[in-house]
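User: I'm new to reading protein models and would like to learn how to go through one, feature by feature. Could you take me along?

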Amino acid sequence: MDTMDDDLYRDITGFAHDTPSWFQHLAEVWTELGLLLFGVLFVIAWWRARRGDPRALAIAVLAPLATAVAYVCSELLKSVIDEERPCRAVSGALKPLVECPAYGDWSFPSNHSTIAGAAAIGLALAWPRIAALTVPMAVLMAFSRVFVGVHYPHDVAVGLVLGAVLAFVVVRITTRPVARVGQAMRGSSTGIVKWFAGPGPALAPSPAADPAAYDSPTMTFRRHDSHRH
């Protein structure tokens, strides 16, 4: 029996076949080009953060790492759920615009959408001003996977949410320890390590960690003694 998701899949793929050929090719390219653009933005975000404080550097470095974690989690889910691709499972659907993935390359959740959701949120945390760019990019990438016919709508919706949540949690939990590592790297004597961490400012030392912030008992005694004379 058909489900609402099957009907929506047929509607979207039917719409795809009614679009001009140049638009179809653009959608095909975007499913992969979006990943490349996210990669470029990761590099730019890291380069900008090299002049920021260690926390900014940590978030910029964690953004792609959190995206990788999200991808691994989506792959694990795929291996457990084993959902067949709609381009084989949905009756009456038009031929997909791209080749239907081989049997065993399961559908749920969408890896592309998971990566896109994680990358969009990771970059938004590292570089808030570009959230208006990265979030629409992720949504369009997810939609393109249904448009070309290789995923159900629920595959991409869950992928987006899964990636976004995992990226947010991973970055928030690990920022502090990674910032300490970045601080240590900036003080390293190894050139490549120091270059990677960048010339940004160090963390402000706490008074307890800076003996110079306190007067020694002798110095205090001398100041008090001088006032008596």
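User: Let's start with P86. Is P86 buried or exposed?
Analyst: This is a predicted model, so keep in mind that each value is computed from it. To judge burial, look at the relative accessible area: under 20% is buried, over 50% is exposed, and partly exposed is in between. P86 has a relative accessibility of 0%, so P86 counts as buried. You'll find P86 in helix α4.

User: What is the distance between the C-alpha atoms of P86 and V150?
Analyst: Those two C-alpha atoms are separated by 6.4 Å, although P86 and V150 sit 64 residues apart along the chain. S91 is in the loop between α4 (86–89) and α5 (111–126), and S91 counts as partly exposed because its relative accessibility is 49%.

User: Let me step back to the whole chain. How many helices and strands are there?
Analyst: The count is 9 helices and 0 strands. Read from the N terminus, the order is α-α-α-α-α-α-α-α-α. As for burial across the protein, 41% of the 229 residues are buried.

User: Now salt bridges. What's the idea behind them, and how many salt bridges does a search of the whole structure find?
Analyst: The general idea is that side chains of opposite charge can pair when their charged atoms come close. Here the search finds 3 salt bridges. Take R10 and D7: their side chains meet at 2.7 Å, N to O. R10 and D7 are 3 residues apart in helix α1 (residues 4–18), so about one helical turn separates them. R10 counts as buried because its relative accessibility is 17%, while D7 is at 36% and so counts as partly exposed.

User: Which residue forms a salt bridge with R85, and at what N to O distance?
Analyst: That's D105, at 3.0 Å, N to O. This pair links distant parts of the chain, with D105 in the loop between α4 and α5 and R85 in the loop between α3 (54–81) and α4, 20 residues apart. R85 has 4% relative accessibility, so R85 is buried; D105 has a relative accessible area of 36% and is therefore partly exposed.

User: And which side chain does E84 meet in a salt bridge?
Analyst: E84 pairs with R88, at 3.1 Å from N to O. R88 is partly exposed, because its relative accessible area is 38%.

User: What about pockets? How much space lies in the largest pocket?
Analyst: Rolling a probe the size of a water molecule over the atoms shows where empty space is left. In this model the largest pocket holds about 190 Å³. Its lining consists of F23, L26, A27, W30, L140, F143, S144 and F147. The elements giving two or more residues to that lining are α2 (21–49) and α6 (131–147).

User: How many residues of that lining are nonpolar, polar or charged?
Analyst: The lining of the largest pocket splits into 7 nonpolar and 1 polar, with no charged residues.

Notes
Residues numbered from 1 in each chain as written. Predicted model: local features only at pLDDT ≥ 70, side-chain atom pairs only at ≥ 80, totals over all residues. Heavy atoms only, no water. 1 Å grid on protein atoms, 1.4 Å probe; cavity = no way out; pocket = protein on both sides within 12 Å on 5 of 7 lines; lining within 4 Å. Points joined across faces, edges and corners; volume = space filled by probe spheres on them. Helix = DSSP H or I, 4+ residues; strand = E, 2+ residues; numbered from the N terminus. Nonpolar A, V, L, I, M, F, W, Y, C, P; charged D, E, K, R; others polar. Buried < 20%, exposed > 50% of the residue type's maximum accessible area, 1.4 Å probe, protein only. Salt bridge = Lys/Arg side-chain N within 4 Å of Asp/Glu carboxyl O.
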